[in-house]
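Have a look at the picture first, then read on.

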Amino acid sequence: MRYGHFDDEAREYVITTPHTPYPWINYLGSEEFFSLLSHTGGGYSFYRDAKMRRLTRYRYNNIPTDEGGRYFYVNDGGDVWTPGWVPVKADLDHFEARHGLGYSRITGERGGLRVDTLFFVPLGETAEVQHVTLTNTTDAPKTVSLFSFVEFCLWNAQDDQTNYQRNLSLAEVEVEQDGPSGSAIYHKTEYRERRDHYAVYGVNTRADGFDTDRDTFVGPWNGLGEAAVPRAGKATGSIASGWYPIGSHQVDVTLAPGESRALTYVLGYVENPQDEKWAPADEAAGVRALQVVNKERAHALLSRFATTEQTLAAFEALRTHWTGLLSTYSVTSTDEKLDRMVNIWNQYQCMVTFNMSRSASYFETGIGRGMGFRDSNQDLLGFVHLVPERARERIIDIASTQFPDGSAYHQYQPLTKRGNNDIGSGFNDDPLWLILGVAAYIKETGDAAILDELVPFDNEPGSEVPLFEHLTRSFDFTVDNQGPHGLPLIGRADWNDCLNLNCFSTEPGESFQTTENQAGGVAESVFIAAMFVHIGPEYAELAERRGLPEVAAAAREQIERMRTAVLEHGWDGEWFLRAYDFYGNPVGTDAQPEGKIWIEPQGFAVMAGIGVDPEDPANPDSPAVRALDSTREHLATPHGMVLQSPAYTSYQIELGEVSTYPPGYKENGGIFCHNNPWVIIGETVVGRGERAFDYYRRITPAYREEISDVHRLEPYVYAQMIAGKEAVRHGEAKNSWLTGTAAWNFVAVSQYLLGVRPEHDGLVVDPQIGPDVPSYTVTRVARGARYEITVTNSGAPGARGRLVVDGRAVDGRTVPYAPAGTTVRVEVTV
């Protein structure tokens with residue numbers, strides 16, 4: 001069943017009931033200030049770093065799942081309700097939540113009052129705006145009281161949830177009832193000592209009351225749904241001192257029949273220079289020196305949203321911004337689900353993963369992980385065409401966490417941009433992803449000058465070398481760290497963090513990823529080998545174009561050596577092995593009763609061209625086709641392809657965490673959606689577009705909307721994992737939004753199924769989507785030129801397109817880059 005519907009024209013998903021199977025969320029913000037917002041108003045906000053600069057609290061593992069966020073309570077003559085349904089849960093006459101691109105709108109109606117709240121983070125601001133419109137839908141006057149609510153976090157989200165003996169004596173606030181733009185509450189915990197930042201929560205009118213103490217607002221033994229102040233209909237003026245600080249404004253509103261009134265609330269983050277932290281002392285008024293926050297910047301922020309006209313103008317600027325971003329790549333076809341995913345939701349999710357990496361979602365708390373080295377390089381593949389200048393900045397940030405030997409910190413913190421020592425390095429696939437990310441950026445932009453950018457190692461001043469040298473260290477790391485079969489050593493893990501071949505953990509609570517109990521230099525990864533063969537040529541091509549033919553030739557020799565090693569030592573007869581373990585035994589072999597075949601090397605090896613017959617890519621006897629056929633036989637399900645099969649039913653100490661999950665979940669036989677696109681791309685390599693498009697639809701959320709009661713998570717964004725065929729609840733998704741699936745499936749659909757991808761000298765146009773999409777038009781902006789590519793598609797197996805460019809037939813499938821500002825029309829017949 002469905003719980004809403006897509007509004008493609010508005011670029012929104014419309015949720016028509018609060019009773020979704022799980023909280024369905026959206027992300028606000030795309031620069032420095034971010035908010036997570038569920039369809040009922042749950043979630044939290046932070047500035048840049050979800051751990052170190054958390055503005056509002058959120059409690060994971062809560063009951064109910066999603067309670068705690070930004071709420072508005074209505075007291076209508078003693079009838080108390082919340083427009084987002086939660087937390088009061090009074091029945092609503094009407095409910096609707098619209099999640100759009102960087103904004104959400106939640107509307108609730110009860111007893112003749114409609115409350116519509118627009119949430120968004122304006123461009124260039126470090127604040128969340130909440131624009132509330134109250135409308136009297138009756139034929140009689142109506143007077144109501146509106147109570148806002150946010151609960152402040154004491155900045156460090158981890159410390160806030162653990163260090164109660166200190167924190168429960170720490171909180172401080174200031175209240176300003178008659179500010180220049182209305183009333184405002186200031187959260188200034190620790191501002192007196194080590195911090196130069198504070199939070200402000202203001203409303204653009206003089207409030208009729210306020211509360212800043214949570215216990216007073218909620219009342220003893222109550223939950224948020226029974227909050228005492230809204231039920232009493234009168235704010236108390238409480239001041240938080242220690243204990244739990246909140247921001248709540250009471251605004252009384254009288255509406256004539258049919259009348260509306262709009263209010264704008266702003267939740268903002270403000271920093272002051274050290275020498276401007278405090279307002280000037282007013283000894284005559286009894287104000288102690290250095291105790292009153294300098295509110296000048298907060299006043300300026302609030303003044304920019306003092307009127308409805310200002311607020312709506314900022315909202316329109318945000319919508320215009322997204323229209324511009326999404327004009328870079330779009331498709332028009334007869335498949336509306338394909339169009340909405342490519343044109344709207346997949347690219348939108350790619351931007352969210354760019355901002356968040358894997359740090360802050362409803363499944364990632366924002367305190368345990370920073371930005372991932374491998375994650376962010378892969379995410380870059382999905383957003384580089386949207387914001388190439390920010391992709392350039394991200395590349396420099398990532399490369400700066402690399403070590404001189406080519407390895408790298410596995411994660412870094414977004415606030416400091418320094419490596420995370422708690423996790424460290426040793427994930428041996430990390431270095432190669434940097435080459436892939438840089439190559440994608442240069443193909444998109446033509447900015448080869450980035451290779452000359454001086455970038456440090458481990459952010460150490462004085463260690464700077466050209467970025468190209470970082471790529472050389474990445475390439476050489478794999479060359480220099482190989483095992484007995486000439487395959488790359490896996491280290492702590494490769495892309496699959498849960499395949500821990502050197503851990504041998506028997507200690508409860510011990511980290512599988514960071515513990516190495518038996519280092520041996522034997523455990524090898526066939527997956528990293530396939531990566532090397534696929535990504536290594538990108539390095540060789542960059543070297544060639546840099547005027548280093550000897551470097552390029554030496555690199556290609558190493559790549560061919562690895563290709564041979566995979567075919568000799570990584571082939572099991574019907575599919576590619578996954579690895580060799582600490583003892584030199586194969587992993588992912590038909591000889592084992594469980595974990596016989598793993599998905600990662602099947603997809604990546606074929607992407608790399610390993611085992612592909614160059615004369616007949618669809619040759620059924622070639623290793624590539626046999627591996628893909630085995631994948632279909634053993635791994636494919638109606639909900640996507642599982643990671644390995646059969647799943648492990650007991651703990652395999654030599655394999656690590658992968659065997660700790662119940663069969664069918666996560667890396668143990670779950671549908672780990674991130675790796676499905678590698679098989680999709682592999683199928684296009686051998687000319688089987690119909691099968692590739694079939695796989696694409698199995699995991700793509702818009703095609704799963706009708707089974708939302710099974711899928712459970714949002715039908716507009718990808719999930720990391722869908723429960724596999726051996727799970728108790730096959731088809732149920734977990735961990736939505738922050739997944740490499742977003743970038744890789746956009747690469748799969750835009751560059752391989754629809755077949756338009758940037759290379760160094762032009763756009764390659766090579767559709768492989770099968771017969772279900774007989775015609776379509778792709779509009780692609782590349783290096784300032786606009787390409788209108790119309791495809792007439794027979795869908796015949798193995799057929800490749802014939803190109804006519806601006807009326808002239810051309811050989812091959814590459815359309816050279818045109819001057820910026822021009823339009824190129826391409827007709828493709830498949």
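UniProt lists residues 321–755 as "domain: Glycosyl hydrolase 94 catalytic", in an unreviewed entry; UniProt positions follow the numbering used here, feature names are shortened, and annotations may be inferred rather than shown by experiment. Residues are numbered from 1 along each chain as its sequence is written. The model is predicted, with local features needing pLDDT of at least 70 and side-chain atom pairs pLDDT 80 or more, while totals for chains, interfaces and linings use all residues, and side-chain values use heavy atoms, without hydrogens and water.

Over residues 321–755, the chain is 42% helix and 9% strand, and 27 Å lie between the end C-alpha atoms. Helices (H or I, at least four residues) and strands (E, at least two) are DSSP runs, numbered from the N terminus.

An automatic or database assignment sets the domain bounds: domain 1 is 31–323, domain 2 is 329–736 and domain 3 is 757–829. The centres of domain 1 and domain 3, taken over C-alpha atoms, are 50 Å apart.

Now for the strands, which pair if DSSP finds at least two bridges between them.

| Antiparallel pair | Bridges |
|---|---|
| β26 (residues 579–580) and β27 | 2 bridges |
| β20 (residues 329–333) and β37 (residues 775–782) | 5 bridges |
| β37 and β38 (residues 785–792) | 8 bridges |

An open, antiparallel sheet of 3 strands runs in the order β25-β26-β27. Because β25 (524–525) and β27 (586–587) are at the edges with a single partner strand each, one side of each has no neighbour in the sheet. Y580 has P586 in β27 as its bridge partner.

Elsewhere, V331 stands opposite V778 in β37, and T777 has T790 in β38 as its bridge partner.
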